[in-house]
Amino acid sequence: MAEKTEKNLSLAFAAESKASVRNDVFAKKADRDGYPQIARLFRAVSDAESVHAHRYLLLLRGKIGSTEENLEAAFQNEIKANVDEYPKLMKDASEEGKKNVLKAFSQSRDVESLHAELYKKAMNDMLADRETEYFVCQVCGYINEDEAPEKCPICGAVKGKFNPIS
Ligand SMILES: [Fe+2]
Ligand SMILES: [Fe+2]
């Protein structure tokens with residue numbers, strides 16, 4: 001792909017991905033502040049930015065790999081985040097005395113290796129006819145299979161903080 005176009009697609013993908021999450025954060029705040037209509041608008045724009053991000057990723061990749069390939073790539077990304085990326089971020093946070101940030105990075109680091117395990121399991125189970133529901137901790141991103149736990153094993157969040165993914 002032409003060099004500038006590839007760079008621009010990459011930048012646009014990152015910016016739209018960020019905008020999508022940012023608007024979702026704003027939606028949750030608007031809900032908490034008692035503005036359900038504004039929350040809906042933020043959620044609509046968040047979804048639209050996500051449409052943009054999907055579109056740019058597809059243009060960047062040309063095509064998306066098979067589900068087997070994607071599971072393997074997703075597994076490798078989790079391992080990389082756990083082994084390489086988060087430890088570096090944790091070191092800087094620790095050196096600069098940012099305890100809250102250190103806690104967030106360290107919980108994410110732990111959760112990434114559990115995500116990797118889920119992917120590994122899914123790769124092994126791909127042909128097995130097993131149905132699993134997932135419950136995601138909205139504080140730290142830990143994923144529990146089959147039910148919401150009483151307490152998050154990573155961050156201690158209560159059961160109500162888990163979102164079911166069906
Ligand atoms: Fe992860
Ligand atoms: Fe958690």
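This report describes the aromatic ring contacts of a predicted model.

Local features require pLDDT of at least 70 and side-chain atom pairs count only at pLDDT 80 or more, while totals for chains, interfaces and linings use all residues. Residues are numbered from 1 along each chain as its sequence is written, chains are lettered from A and ligands numbered from 1 in the order in which they are written, and side-chain values use heavy atoms, without hydrogens and water.

Rings of Phe, Tyr and Trp (its six-membered ring) pair if their centres lie within 6.5 Å; planes under 30 degrees apart are stacked, over 60 edge-to-face, and the rest tilted. The count under this rule is three aromatic pairs. Two of them are tabulated here.

| Pair | Centre to centre | Angle between planes | Class |
|---|---|---|---|
| F26 and F42 | 5.5 Å | 65° | edge-to-face |
| Y142 and F162 | 6.4 Å | 85° | edge-to-face |

Helices (H or I, at least four residues) and strands (E, at least two) are DSSP runs, numbered from the N terminus. Because F26 belongs to helix α1 (residues 3-32) and F42 to helix α2 (residues 36-61), their pair ties together parts 16 residues apart in sequence. Y142 is in the loop between β1 (134-137) and β2 (143-145), and F162 is in strand β3 (residues 162-165), 20 residues apart; this pair links distant parts of the chain.

Relative accessible area (1.4 Å probe, protein chains only) defines buried as under 20%, exposed as over 50%, and partly exposed as in between. F26 is partly exposed at 39%, and F42 is partly exposed at 25%. Y142 is buried at 11%, and F162 is buried at 6%.

A charge sits over a ring if NZ of Lys or CZ of Arg is within 6 Å of the ring centre and within 35 degrees of the ring normal. K120 lies over the face of F75, 4.6 Å from the ring centre.
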